[in-house]
Amino acid sequence: MPERLVLHHTDFVYTRMKAVSWTANETFFPTMLQANAGQVLFDIYQNVDPSKPLVVNCQGMAGMDDHAVACIAPALRRQKRTLVFINAESLEPLLRQSLETLSVHPVGGDVVCAYGDPSPSQPELRQMVTVAARLEFQRLNALVKNSYRPFDDGPQRLTSTPLLASGVFNARSLISDPISFVWTSLLMAEKVDELIQQDEPVKVRLLAVSLRASPLAAAVNLLARNELPLEIIDHMGPKHKILEEHSLKGISHGINYVFVADFIIGGTELKIAESYAYRNGCTVSHAVAIGTALAPSDYSSRVRVLPLVDLRQCHPDAKFGFGQIEEC
Amino acid sequence: MCRVLHVTDFHLIDPDGETEHLRRRFYQEYLYRLVEALRLAGAPVPGCIVATGDFVDRGRIENFGHATAVLTYLADLLQIGPERVAVCIGNQDLVKSFETSRKYDEARKEFVEFAGKFANGSAVKAMHPWGGLLSVGPGVSCLIMDSTRGNTPLAPGELPQPVIDEIAGLWVHDLPEQDLLVVANHFLPFTPENLLFDYNEGNPTWHESHVWVAGKPLQDRICKWREQHGQPTLWLCGDIHQPLHQVVQPQQYVVTTGRLGTPTPGADSAIKRQARLIEVSRSRGEATVWTCNFEPAGHHENPNLGTWKVECSNLRYGGAGPAVAAPAPATLVPTVTATSVVPAAGVPHPLSTICAIDSQIEERVLQAVREKDLYSIGRFHTGEKEVSLAWVSVGPLLNEPGLLRGVISCMSRWFSKKLTEFGLKPNEVVILGIDCWGAVLASQLSVLSGSTNFCLAARGRGEHNIGHETVSQSVCEALTHSKAVLAVSDVIATGNTLRWVYDEVVAKAGAEVATSLRWLSFSVICDPAQHRTADCLFLSDQATVCAGLRMPILSREAIPDETTFPATLSFGSET
């Protein structure tokens, strides 16, 4: 599985330390690099496309165990493969302690620790940082595009919303495959981290109201910088049927919900979730989704909608509308 | 009244393979269904089991261990102790090289060790290298004969005259007058002129290798003596390729039974897999037989598909030989039905043996339930026939700091252990997350293990969900290429949801796929102390985080109706 945690670029191979840590840790702390994950990183360094530099994104990592990456030190000396840690501010002292040959480079406000023989130049590092930021989104775009299935018999009304659609984006493929789920969840968790940092909502709780949103919301709960409480309601979509009415009584007031969804098309589930929140004296302040079919601002004036992917750009064949839609 | 269950010819070749009904992964279901078919046919419960040889195939003595498991399981289903199970040797149960060089004891060493676990070891009245007299229950003695000793390894053996004299002259004469004598031989000691059939498989010398001619004098003397004294004798034989049942002389009965095992598909044969239950009534002077035939689902046998059909008749006195049944129609008849079945008495429900896998996490769960007041009492309709009286809100429970991580960690450790135990790779297992919290746990386990996972909506039996949230084509495809499936739930109450998931897989992926998979179950909460009627015998292994929380289940008839005691929760399709 280590090779599946790597994204390939023409000039380097890329991985995310949090992805490695999540899949490999014995105890469930994805933000802490432990020995098992260090071993996986070593396997990647040694075996996955060893002719190219390895770029490891440390974004979101809180720390690492002593000697978690000690196994890499001899490999560095032996293989002399370029190894670059980006977004490494939180780990820099520990990385340098374990891998003495690392040099530290400021790159556009980021801390980069690099090893190479010869050491990579500043322009090379800048290019790695710039390109690496896009790789994960490119990967997610490809996954979402592949999840689209056109309807065999032409446009049909969707179950969750009275829109005509040329097909459906099915998040099952992004959840069923563990590696796809890892990349998707990491980006969603970071989106939630961003909105918390930017908007500073108080009394935040994650809210999922469908079967397929539940794993995504739970992953965000476990991966986000601040572990946010999670509320799952079974279920408001695609078919609206709340099955545990009795357990919805006595919910706290004043909560700011961050609505987590797989895809938001017409926004019906979001609307229902808003109604539920208002009934309990709460609000839905934000919505995070893998993709949206409309522009985020079209959904609600009260909810800040933050998609990872624009579905119309991701798959131009996907059409949505109320009346006739252009056949693809 | 004496009742004997006769089985024979297991012919175990590869218990870990995929083609034998008695293989490790299927024998329990196969035998459970046999016992259930007998029960549904109104057959009485046998008092003992007699098995007449060829437990292993062609000297594969390493399979005696599994033969022990098969017989023990069958006995347990019928609540029969091992001291009431009698076995005799078949020509394929011995080591050929030793037999050829006349080292008869060495050739039978493993069989003797196997037999010693049953009445052959614990209920012996008399023993001789050629046979033994056992007591297998009140009023039933069993004479087990070695019809293979001497001669060539694959043909019936010799029987010296002194042995005949001792057995017929002493042992049989000294039996209590009221006892039924069951004589168990692998090879038939009756010559064709005695019987209603003359089956030779197109081979004129067939009788030389299938009829125990040397045993005929013993048979003559025993039948003559016992007929004269009005004492019933039941001759049970294996090996025979044309099963029959017949009264050869007054109260002297012969029953041969078809094989219970062997691989499928084997050579096309009109002889179905069989077991027979014989009831001998001394007072009425007659015997009744329940013949259980395992009918294939199509024209050819299949290692997973088929149904036990039971026919009841008196033993034949004459007339035409047993008819060969026509092949079953070509519609698939899965061995597992979608209706709930009460497990046979004595067989524990898989969920009643469930244990908490980590006592520390269990204690944290119990503490969180108490402190957050998450336990509710009411009427919760989660099954068709039963009602759960308790409910735990899993969402607030798993929001307890660190508890979700703790559950995921211990689930992951348990899963790794099961992969090793069952020799599975992660990509050979599909994880099914049942409903929202099951989907949460399944997706996390999928990341940690590398196995594929699917979210399934089970509440309301899919009525409130779209196709992608059920057992869809993608799920069926994944299951078809897998060896095991792990169903992950938040709370298991009646077990009906697990059963429903299984039945959905049967219905949409096919019974062959469903029964070929090893089924595992993991839950956050499951109370082993509850009596459940949902048939969950398809489960190979199950685990839970918290087994110590009582979640009472009652049948709907045991509580007031809904106008008096309204439902707190109902998912719709179960009511």
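A pocket is here an open set of grid points, on a 1 Å grid over the protein atoms alone, with protein on both sides within 12 Å along at least five of seven lines. In this predicted model, the second largest pocket has a volume of about 810 Å³. Its lining comprises 37 residues, and those closest to the pocket centre are B:Arg25, B:Gln28, B:Leu537, B:Leu539 and B:Ser540. By class, the lining of this pocket contains 18 nonpolar, 10 charged and 9 polar residues.

Several elements of chain B contribute at least two residues each to the lining of the second largest pocket: helices H1 (27-40), H15 (496-509) and H16 (511-516), together with strands E19 (518-526) and E20 (539-546). The largest contribution to this lining comes from H1(B), which provides 5 residues.

The contact between the two chains was examined next. Chain A contributes 40 residues to the contact and chain B contributes 41. The size of an interface is often expressed as the accessible area lost when the parts come together. For chain A and chain B the buried area is about 3,500 Å², with 60% of it from carbon and sulfur atoms.

Between chain A and chain B, 9 residue pairs are in polar contact, both residues being at pLDDT 80 or more. On the side of chain A that touches chain B, at least two residues each come from helices H1 (17-24), H6 (172-176), H7 (178-199) and H8 (213-223) and from strand E14 (230-232), these elements belonging to chain A. H8(A) gives the most to this side, with 6 residues. The side of chain A that touches chain B is made up of 20 nonpolar, 12 polar and 8 charged residues.

The interface of chain A and chain B has 1 salt bridge. It joins the side chains of A:Asp234 and B:Arg459, with an N to O distance of 3.0 Å.

Over all chains, the number of salt bridges is 34. One of the salt bridges pairs the side chains of A:Asp199 and A:Arg304, at 2.7 Å from N to O. A:Asp199 belongs to helix H7 of chain A and A:Arg304 to strand E17 (residues 304-310) of chain A, so this pair ties together parts that lie 105 residues apart in sequence.

Notes. Residues numbered from 1 in each chain as written. Chains lettered and ligands numbered in written order. Predicted model: local features only at pLDDT ≥ 70, side-chain atom pairs only at ≥ 80, totals over all residues. Heavy atoms only, no water. Contact = heavy atoms within 4.5 Å. Buried area = accessible area lost by both parts, 1.4 Å probe. Salt bridge = Lys/Arg side-chain N within 4 Å of Asp/Glu carboxyl O. Polar contact = N/O pair within 3.5 Å; in protein donor to acceptor, adjacent residues only side chain to side chain. Helix = DSSP H or I, 4+ residues; strand = E, 2+ residues; numbered from the N terminus. Nonpolar A, V, L, I, M, F, W, Y, C, P; charged D, E, K, R; others polar. 1 Å grid on protein atoms, 1.4 Å probe; cavity = no way out; pocket = protein on both sides within 12 Å on 5 of 7 lines; lining within 4 Å. Points joined across faces, edges and corners; volume = space filled by probe spheres on them.
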